[in-house]
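Trainee: Could we go through this model together? I would like to learn how to read the details from the atoms.

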Amino acid sequence: MEVEKHQRHDSHEDKDAQTVAFIHVSGDITLSVFTVTSKSMTVQWSGHTGASSYKITAIPKNSPEQPVFAQFSGNTVMGSVNSLSPNTVYTMQLEAMDNALNVLSSAETVETTAPDVPRIEQAYSKNSDSVTVEFAEVSGATSYILRAESKTGDFFYETNVTRSPGTVEQLQPYTDYLLSVMSVNSGGRSQPSYPTQARTVVMAPQLNTSSTRNDTIQVNWAPVKHAILYTLCIIQEGSSTRLKLNTTNTSVTFDTLQAGTTYCIKGTAWDSEGRTGDDLTVCQITRPPSPDVTQVQVTQGRSLGIAVYWVSVQGAQNYMVWTSNGQNCSTRNSYCYITPADCGQNHSLSVTAYNQAGPSSPSKPAEYITYPCPPENIWVEEPTASNCSVLWEEVPLVEYYVAFIKRDDGTETSCNTTKATCTFFCMCGYTYLTSVFPYNQAGTSLYAHIRNYTTIPCCPQDVTAQLVSTETLEVMWSPVKGAELYETTAAQTNDVIHCNDTSPVCALSDLRCNTAYSITVTPCSELRGCNRTCTPHKHETAPCAPEILNLTQTSSSTYNVFITTPNSLSTNYTITATGRNSKQTCNTRNNSCELTQLPCGSIYDVEAVATTTVGKSLPGFSKSLETGPCCPTYVNVTQVTQAMTNVTWSPGSGARSYVAALTSPRGHAKCHTLDAHCLMGCITCGTNYSVHLEAISSTGHKSECKYHGFSSSACCPTGVKLYRRTNNSLRVYWRSSGPQDHNHTVELYGTGANYTCIAAAGSMYCDIQEETCGDVYTVVAAPVGQYGIKVTFCQPRTYSVPCPGSNAGMVISRGRRSVK
């Protein structure tokens, strides 16, 4: 990497020289213009690998001039082409070449040279901070740059102008500067022109003016550096007459001027070369003349005041009125109001006019007198109820008084008197506003001191009380006049204040039940206190809650309830039994009440409430009542064997277990079960039983249930035997263990034939005609019950009966029971 430094020198101005460093990098060549003047261009480029030299050619466009070129070594990355024409468009071409001058790469760009250097014709200063330069404009320039430099080199400033002449500002007074001009176009700026020297003029004097009288103006200023003479010119505003004055002093006084008139004064300083510097004009007004007071009067309005009128004077911007007692008012008008004014006074006043120069002399004093003052101390007395008097302290210079008494509802009365008192009628609960106006020959005061007097508040007449709970009374009344606060008390609570509130309502809580209270509402006001004469009102609280003492069952669906009676004899008591699906009530004035038609198998909450003309009590503590479980709607008894039965029943509401019993004089059977059926033994055949069922709840409540009786079946015959008779018939014989009041049926089942016969009541045998002998028979003898129903559980016997030659059959099987 190689770096080349290039510096441009100008024959006119060394300050235009520039030094720039570029870095040479390998790759494609890039070309850019770095500096443009009216006769040269400086370009920079990126280096090309293998290049031993570079050639820059400036080819003019749209011009017959010849191209200009410059050649540089292979280590150079920036170079200038000189001897160009001003304000000309050039194509700048760069070629990278090897040692054989073969072109390796090239690049080009288009740029315009700056315009030609302009020429300064003259430079001069009209103001202390600027110099105006006139110069010859050049072709192709779009603008110009004016440059100003101090001869010592500590100041350098440039400014842009569009044409000649141009002005350089921000300079110092009476200072020498070197001035030059440069032309500018799109290509850049030209070289500076040959410099011209010029000096700025002196500053203008800084005039300070004042007017101490209405016919003079004083002017003074600080000495101006390098000034040897000052010129002041004064002219009256609106006039063409001028007065010019030359002086070497720094102060001047102009007199015999008009009062309240504005004068403008222009000041200029001269230097030793006879040049005038800046000029500065200031305007000053003389003080106004004294105004004349034309009228002073006492004004009528919300407060006592003084109205002052005068004649306006020339040049006055505002006026100030002063009174002998130190009050004042200020205005731009020809009148002014002094408020507030003191009553009963005799004073004087004067008016002074003001403008920027200061005040005029005060006007001649004017005298004035004010109205009488109102009484300071006013009060009201009420020796007896509704009989009031307003009183006040006497004030001087009063011929008579007018007292006004206004009630807060708008009613108003008044009285005229030469004394210091006035009587009037006053009602309770009202506020009275009293005021007193004194009169004299000048009139009356426009305001008066107002005193309030409030009578004691009235008692409320529509006090009502109602129960909001059994032991709370809500007391209400209409607001009364004059009351700001209400105290509510009850005599039975030792007159403790239950409410101390601004609202016309009070809740007396935590009272005793079934008690009459004497309630008093006392209105109070902050000014007069409380009215303790109000009549009390009586009201009774709700009855006390009864308590359930005992619950007694008198029948299957009737219960007697015993309660306490804590209230008066005229109290009604209501007992309510609330179940899941029903509710039963009873009423009494005694200590007991009967609840009827309570269904079985139910649970009730029983509570008691007391009722009087005042209201209802709270319900007493409830007790639970459980009725006995319901009996099953049916019971069925079925005989399974001669000594065993199966008892079934429907479920009973509220029952968890059952005790079933069959009872007869010959014995009984019983079972306890959770089911709705029971298998019982120990049954005697041919016996009438009574059927009983006991339903038991989960808490042990029992219900006794009775049903139709049950008769067991007739007894099966015993000692059953089979005989063959001589006539080829078979006889079945038996013994009976019970009454013989029913028929018997006999069935023989053999391998060859089946036989059946019926034995009448009282008979203990039955004959059957045999068709084939020598068979084996199964014999079943059973009684026939009511409705012709045969007993089915009698045991069969099996016999082998041989053919004739043997009287009796031989028992093969006796079933489950042996024959005794």
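Trainee: Which handedness does the link of C773 and C803 have about the S-S bond?

Mentor: Happy to start there, and note that this is a predicted model, in which local features need pLDDT of at least 70, side-chain atom pairs count only at pLDDT 80 or more, and totals for chains, interfaces and linings use all residues. Residues are numbered from 1 along each chain as its sequence is written, and side-chain values use heavy atoms, leaving out hydrogens and water. The sulfur atoms of C773 and C803 are 2.2 Å apart, which makes the pair a disulfide (cysteine sulfur atoms within 2.5 Å). With 80° about the S-S bond, the link of C773 and C803 is right-handed.

Trainee: How many residues apart in sequence are the parts that C773 and C803 tie together?

Mentor: C773 sits in the loop between β67 and β68 (776–783), with strands being DSSP runs of E, at least two residues, numbered from the N terminus. C803 is in the loop between β69 (797–800) and β70 (810–813), so the parts tied together are apart in sequence by 30 residues.

Trainee: What is the angle about the S-S bond for C600 and C630?

Mentor: A disulfide joins C600 to C630, with an S to S distance of 1.7 Å. C600 is partly exposed at 33% relative accessibility, while C630 is buried at 13%; buried means under 20% relative accessible area, exposed over 50%, and partly exposed in between (1.4 Å probe, protein chains only). The link of C600 and C630 is right-handed, and its angle is 105°.

Trainee: Which residues are joined with D271 into one network of salt bridges?

Mentor: D271 and R275 meet through their side chains at 3.1 Å, N to O, which counts as a salt bridge (a side-chain nitrogen of Lys or Arg within 4 Å of a carboxyl oxygen of Asp or Glu). D271 is buried at 1% relative accessibility, whereas R275 is partly exposed at 23%. Through shared partners, salt bridges join D271 into one network with D176, R199, E273 and R275.

Trainee: In which strand is D767, the salt-bridge partner of R731?

Mentor: The closest N and O atoms of R731 and D767 are 2.5 Å apart. The pair links distant parts of the chain, 36 residues apart, with R731 in strand β64 (residues 729–735) and D767 in strand β67 (residues 765–769).

Trainee: What average pLDDT does the protein chain have?

Mentor: pLDDT is the predictor's confidence in each residue, from 0 to 100. Here 94% of the residues score at least 70, and the chain average is 86.

How values were computed: Helix = DSSP H or I, 4+ residues; strand = E, 2+ residues; numbered from the N terminus.
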